[in-house]
Amino acid sequence: MLSDNKRIAVNTVIIYIRLFVVTIVSLISTRYVLQALGASDFGLFNVVASLLTMLNCISAGMHSTTRRYINVEMGISNGNMNRIFNVCLALHAMFAVFILVVCEGIGVWYVNHYLNVAPEKLADAHFVLQTSIIVSCLGILNVPYQAMIQAFEKFWQTAVIDITTTVFKLLAVVFLVSYQGNALRLYAVIIGCMSLMSFVMYQWFCQNQWKGIVRLKWYSDKSLYKEIFVFNNYVALGAFGSLSKVQGVSVLINYFFNTIANAANAIATQIQTFVEMLVGNVSSASSPQITQNYSSGNLKKSVDLCAMINRYVVLIMSMVFFPLLIGLDFILGIWLEDVPQYTVMFTTWILIGNLVSTHMSSLSTFIFATGKIKWFTIFSTIIDLLFLIVSFLLFYMGFPAYSIFICQAIDKLINLIAAYGLLVYIIHFDVWEFIRNAYLRTSIVIVTGTITYLLLSNVAIHPFAKIIVMGGVLLGIIVGIGLKKKERNKLQNLIIAKLTK
């Protein structure tokens with residue numbers, strides 16, 4: 001059997017292979033979609049889809065809840081995972097019906113009365129809304145199957161599914177460019193077909209491997225339904241705050257500005273998503289181990305694993321953040337050619353917020369493992385909702401569009417500080433020891449990256465050369481200081497072994 005650390009490493013490699021392919025294909029797809037739809041329709045699609053995402057917060061939280069309960073059950077010698085799976089699936093079916101009813105009411109009402117869109121585009125907005133509802137319901141029913149694959153650490157299967165659907169999407173989008181009809185509606189149909197394909201593939205994988213676990217069976221264990229439902233309410237509350245923070249930005253920008261600004265936000269958010277996947281996949285690969293170690297009583301190993309993963313995540317984020325920031329104009333120009341207004345400024349502040357939030361990455365998994373999430377989610381949601389209120393007031397007073405992303409970065413910093421405070425108060429967590437192990441080295445890397453960025457910004461050389469220099473400096477400081485001596489030796493031996501072979 002592979003050791004925990006080696007298994008995490010193998011899973012991480014699989015995830016990054018998937019991420020590389022999906023990212024490259026998605027970047028190409030975005031360029032074609034922007035070309036086919038135009039900035040205005042691209043922004044319209046994203047703002048309508050964002051309305052549904054805000055209402056979908058319960059399911060977003062349920063994904064973490066389902067995975068957590070499956071992992072906990074795996075840590076119990078006589079656990080009944082079929083019971084956990086079916087209870088979660090039943091709850092998801094109820095949530096799907098709830099989302100359908102609410103979206104048909106609130107979604108249609110908002111599009112008719114508050115969506116900032118040209119009158120001739122109103123029918124298209126409704127079409128996008130209806131297809132998005134179908135996509136959302138499929139996604140909700142798919143969550144327990146996705147959680148099963150992640151809980152059993154079968155990350156290669158997720159890679160196969162995501163790569164397959166992404167490649168098919170690219171082929172469809174290439175056709176979209178030459179399509180002479182209503183490209184916006186066809187794009188909405190394409191997204192719906194990709195979601196259906198993903199749904200079918202996840203079902204097939206799970207049925208073939210864990211037929212006994214995913215076998216449909218009704219359980220009338222009210223206490224379990226209540227336990228998972230209550231736990232998920234707090235998770236959903238946190239998800240509501242997070243999703244409101246992200247999707248509420250789209251709604252506010254659309255209300256105070258226009259669909260061009262929404263297009264810029266959509267592109268910046270897509271970059272944010274790619275970066276979060278890149279740095280967050282290490283946390284995803286380690287999540288089952290953190291939860292199972294905690295549920296089996298090995299608290300120290302769980303905490304040590306959190307500190308190690310958090311350090312790795314911040315180091316990876318630094319390696320992505322600074323080179324991307326120094327060459328942002330250059331990269332966007334190559335990728336999109338015609339870059340919508342606001343895109344550079346939006347992306348810059350979103351990336352700064354991402355750098356802050358990575359300092360909390362693996363601790364979120366640890367908090368979920370403990371089950372003591374009530375006050376974490378309440379505080380986080382309050383802070384996130386206050387962020388939206390402050391952003392609304394700033395826009396109302398005439399502040400520029402990018403000010404909302406400055407507020408978002410500050411919001412993430414406040415959330416980080418509040419989370420550590422609650423860890424001390426509720427769980428009696430040794431925060432200072434954790435910070436020393438996780439962030440002492442990474443803080444040196446970030447300071448070095450900041451100084452290098454400021455120096456390179458004033459040097460008149462080609463942007464690509466700046467990216468190379470920044471990447472070289474970061475790589476050197478990460479290997480020299482970010483990694484511990486034992487980790488450097490392992491990396492050196494691995495490289496030598498590969499070169500010798």
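Visitor: What share of the residues in the protein is buried?

Guide: A residue is called buried when its relative accessible area is under 20%, exposed when it is over 50%, and partly exposed in between (1.4 Å probe, protein chains only). Here, buried residues make up 52% of the 501 residues. Please note that this is a predicted model, in which local features need pLDDT of at least 70 and side-chain atom pairs count only at pLDDT 80 or more, while totals for chains, interfaces and linings use all residues. Residues are numbered from 1 along each chain as its sequence is written, and side-chain values use heavy atoms, with hydrogens and water left out.

Visitor: How many helices and strands does the protein have?

Guide: Both are DSSP runs numbered from the N terminus: helices (H or I) need at least four residues, and strands (E) at least two. This protein has 18 helices and zero strands.

Visitor: How many salt bridges are there?

Guide: A salt bridge requires a side-chain nitrogen of Lys or Arg within 4 Å of a carboxyl oxygen of Asp or Glu. The count by this rule is three.

Visitor: Which side chains meet Asp124 in salt bridges?

Guide: Asp124 pairs with Lys121 at 3.7 Å, N to O, and with Arg185 at 2.8 Å, N to O.

Visitor: Is Asp124 buried or exposed?

Guide: Asp124 counts as buried because its relative accessibility is 6%. Lys121, by contrast, is partly exposed at 24%, and Arg185 is partly exposed at 28%.

Visitor: Where do Glu433 and Arg436 lie?

Guide: Both lie in helix H16 (residues 431-457), three residues apart, which is about one turn of the helix.

Visitor: Which elements give two or more residues to the nonpolar patch?

Guide: Such a patch joins nonpolar side chains (Val, Leu, Ile, Met, Phe, Trp, Tyr) within 5 Å, taken from residues with over 30% relative accessible area and no salt bridge. The patch here, which includes Trp109, Leu386 and Met397, has about 1300 Å² of accessible area together. The elements in question are helix H3 (81-113) and helix H14 (374-396), and H14 gives the largest share, six residues. Met397 is found in the loop between H14 and helix H15 (403-427), and Met397 counts as exposed because its relative accessibility is 56%.

Conventions. Patches are made of residues with over 30% relative accessible area and no salt bridge: like charges are joined within 9 Å, nonpolar side chains (Val, Leu, Ile, Met, Phe, Trp, Tyr) within 5 Å. Accessible areas come from the Shrake-Rupley method with a 1.4 Å probe; for residues, only the protein chains shown count as cover.
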